[in-house]
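The following paragraphs lead through one chain of a model and its contacts. Please keep the sequence and the coordinates at hand while reading.

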Amino acid sequence: MTRSLAAWLAGIAGAAALVLLPLALNRYGIYILSLWAVMTIAAIGLNLTLGYAGQISLAQGAFVGIGAYAVAILTTSGFPFVVGLAAALAVSFAVGWLLGYPALRVQHHYLAFVTLAFSTLAYLVFRNEEWLTKGIYGIVGVPRPSVLGIATAKPLPFYYLCLGALAVVSFAVWWLVRSPWGRAFVALRENPVRALSLGVDTRRYTLMAFAIGSALGGVAGAFYAPLVEFVDPTPFTLALSLNLLMMVIVGGAGFFLGPFLGALIAVLLPEWLRFMEGWYLIAYAVFVMVLLVISPTGILGILDRHLTARRTRAASQARAAAKPVLNSEAA
Amino acid sequence: MKVLKTTFAALAGLAALTAAHAQSGGTIKLANVAELSGPGATVGTNWKNGIDLAVAEINEKGGILGRKLEVTHADSQSNPGIARAQVQKALDGEPYVLLGPGYSGSVKVTASLAQQAEVPQIMGGEAAELTKAGHTHLFRTSFGQQSSMPKVAAYLADDLKAKSVAVVWVNNDFGKGGRDVITAELQKRNVKVAADISTEAGQADFAADVAKVKASGADAAFIYLNEEESARILKEIKRQNLTLPLIGETTLVGQKVIDLAGEAANGARGHVGLTTDAPVPAIQQFREKFQKRYNYVPDHNGLKGYLAVYVVKAVTEKMGKVDRKAFADTLHGLTISAAQEPGILMDVTYDKNGDIDRQGFLVEVENGRQVVKKVLPKLGN
């Protein structure tokens with residue numbers, strides 16, 4: 001009871017900080033926080049595919065691109081943002097589902113290669129299909145939407161929009177991983193043969209894991225486009241997919257809060273380190289490497305180990321205390 | 001307790017005083033946002049070093065209107081999203097002038113931010129469309145493709161009498177922009193584009209592309225790639241014994257290409273807006289100073305960064321005050337002559353869009369050296 005109460009309090013404090021913090025920040029700080037919220041959504045999607053269902057994907061960046069282009073193309077041709085968002089969700093869900101088929105046949109690093117090829121393919125489509133994407137020149141002037149009559153063109157309202165999206169996505173995924181689907185995803189990761197023998201339709205859940213994870217990538221992209229107000233192919237190369245993969249692993253793959261922390265490190269840490277000027281990316285890389293050497297399971301892995309150790313100790317003490325003692329020993 | 005309060009009040013007063021001082025008579029703040037890492041690192045680093053060199057020179061001589069320059073550098077990672085963040089950060093610091101970025105995509109994202117903040121932005125992008133979007137605070141440091149490509153097309157059509165040209169370009173915003181402008185310019189002059197060959201940034205093997213140029217039977221080839229790739233394709237052209245005239249821009253005939261391609265660079269010709277090999281004493285001096293400070297020969301991006309700072313100096317001295325709001329108006333239509341401001345190296349005129357007009361050169365590589373064959377005068381002359 002006390003543990004769950006502490007978790008709730010921490011959650012409320014975290015949410016309050018996210019709501020109140022930007023009030024004290026300048027436009028740059030708000031932009032970076034918005035970027036964090038958007039990247040967290042994409043990382044949550046990848047965490048579902050990789051962390052829970054165990055399907056490695058190097059294509060999450062491509063899905064962010066698909067979502068960004070869907071919104072950019074539709075909103076610049078006069079459709080409302082909601083239509084763009086729905087299209088981003090639908091297209092990346094469908095493409096993610098299709099990308100899931102190779103995952104039925106290949107696993108682990110072979111699957112990584114398949115998704116890597118897809119990532120490259122998506123980039124080429126963004127760049128070369130000029131009639132649709134305006135090619136390398138990109139789409140300028142992606143508008144920020146009005147929500148319930150409130151314009152989000154200014155940094156602060158747009159941040160709250162991103163934060164709202166993150167809240168909705170977080171809640172949906174929190175519910176999902178606790179549902180039978182979430183259990184099925186974990187079963188898929190831990191022992192697919194056993195899962196199959198227990199009646200879990202591994203084929204369908206593999207495709208689902210890909211499709212839902214990718215759809216969240218698309219949602220992230222849908223907010224990325226109006227955040228930057230410009231979309232071109234260069235941000236959606238393999239580098240973004242690798243960056244998102246790093247966020248998931250550094251935060252702690254398979255932990256609900258992992259992507260939040262991972263994105264925090266990937267988006268905010270390089271900014272904090274900028275005082276080191278030419279060295280900042282090197283320092284950042286060293287930090288990540290050291291972290292993964294210390295804890296291959298990410299930041300939450302450290303916490304998890306610590307908590308497990310404490311619980312084990314507490315249990316041992318309880319056992320020791322419960323051990324019947326002879327009167328003579330006690331004396 | 002009272003002592004503490006007084007101390008706080010005194011400290012606060014001191015802070016306010018320093019802030020006021022910084023605004024009125026302190027240093028002049030310039031903010032540079034450039035591609036210091038990622039695919040554009042060569043561009044951004046040259047640009048940054050050029051800026052630092054100019055700032056150091058100006059400060060040594062007492063600054064601008066007696067005030068020292070102070071420049072901050074931020075890395076855009078060659079990513080428009082990050083560039084936007086860094087420019088926002090720079091603008092939050094209320095700089096006098098924003099310098100950079102160099103990549104056209106990053107310029108597009110940031111130009112409207114600078115416009116809203118009414119901060120003049122002097123950038124390195126060369127894509128034709130940048131100055132067509134109606135930004136009143138955006139200024140170039142080099143020719144846009146819309147002014148350089150007609151000269152190249154005219155040279156191909158009139159001097160070389162080429163009837164068909166193979167166009168080889170790198171598929172990024174720089175290469176695509178150049179390709180689109182030159183194709184239109186060639187068509188205007190009834191020159192056929194015999195082959196339209198797109199290549200990748202960082203491409204290593206050009207055997208197939210050169211074979212396509214050969215098969216096209218073109219009278220000449222227009223090559224528009226980054227420096228490293230230019231060197232590779234020149235080597236491949238030599239290997240396949242192609243003898244047709246090779247025409248390009250700054251990136252085909254620059255010193256870096258010559259160093260990398262060696263003998264294969266001989267015979268390559270190009271239009272060059274800014275070159276460190278220009279037969280202008282001031283540019284030769286710049287090159288020596290740069291090489292002494294950084295131990296390498298700069299490319300044209302080094303020159304662009306250097307010039308950007310001297311544009312700030314010339315405009316500010318012309319106004320006689322540090323006035324951010326009046327900066328853009330003063331620079332529109334202004335001619336800065338090298339006689340008045342030696343740091344500007346060559347006379348330059350800004351038009352109302354922020355485009356520039358300056359002397360250009362037609363050069364050819366002979367025995368591993370860039371030789372200027374023709375000086376193309378300013379259009380306005």
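**From a single helix to the chain contact**

Helix α11 of chain B, residues 281–294, comprises 14 residues and reaches 20 Å from its first C-alpha to its last, close to the 20 Å expected at 1.5 Å a residue. Just after α11(B), Asn295(B) adopts a positive phi of about 65 degrees. These values, like the others below, are computed from a predicted model.

The helix may now be placed within the whole chain. Chain B contains 13 helices and 15 strands. The radius of gyration of chain B is 22 Å, close to the 21 Å that the globule rule gives for 381 residues, so chain B is as compact as a globular protein of that length. The C-alpha trace of chain B spans about 90 × 40 × 40 Å along its principal axes.

How is chain B divided into domains? The domain assignment gives domain 1 as 26–143 + 280–358 and domain 2 as 145–272. The C-alpha centres of domain 1 and domain 2 of chain B lie 29 Å apart. To the contact between them, domain 1 of chain B contributes 11 residues and domain 2 of chain B contributes 14 residues. On the side of domain 1 of chain B that touches domain 2 of chain B, there are 5 nonpolar, 3 polar and 3 charged residues.

UniProt, in an unreviewed entry, places the feature "domain: Leucine-binding protein" at residues 27–368 of chain B. The end C-alpha atoms of this span lie 44 Å apart, and the span is 45% helix and 18% strand.

Leu99(B) stands opposite Ile122(B) in β4(B).

The last step is the contact with the neighbouring chain. Here 17 residues of chain B are in contact with 20 residues of chain A. Three helices of chain B, α3 (80–92), α4 (104–117) and α6 (173–188), each supply at least two residues of the side that touches chain A. Of the elements of chain B, α3(B) gives the most to this side, with 7 residues. By class, the side of chain B that touches chain A has 3 nonpolar, 8 polar and 6 charged residues.

Conventions
Residues are numbered from 1 along each chain as its sequence is written. Chains are lettered from A and ligands numbered from 1 in the order in which they are written. This is a predicted model: local features need pLDDT of at least 70, side-chain atom pairs count only at pLDDT 80 or more; totals for chains, interfaces and linings use all residues. UniProt positions are given in the numbering used here, feature names are shortened, and annotations may be inferred rather than shown by experiment. Helices (H or I, at least four residues) and strands (E, at least two) are DSSP runs, numbered from the N terminus. Two strands pair if DSSP finds at least two bridges between them. The expected span of a helix is 1.5 Å times one less than its number of residues. Domain bounds come from an automatic or database domain assignment. Two residues are in contact if their C-beta atoms, placed from the backbone, lie within 7 Å. Ala, Val, Leu, Ile, Met, Phe, Trp, Tyr, Cys and Pro count as nonpolar, Asp, Glu, Lys and Arg as charged, and the others, Gly among them, as polar. The radius of gyration is taken over C-alpha atoms; the globule rule is 2.2 Å times the number of residues to the power 0.38.
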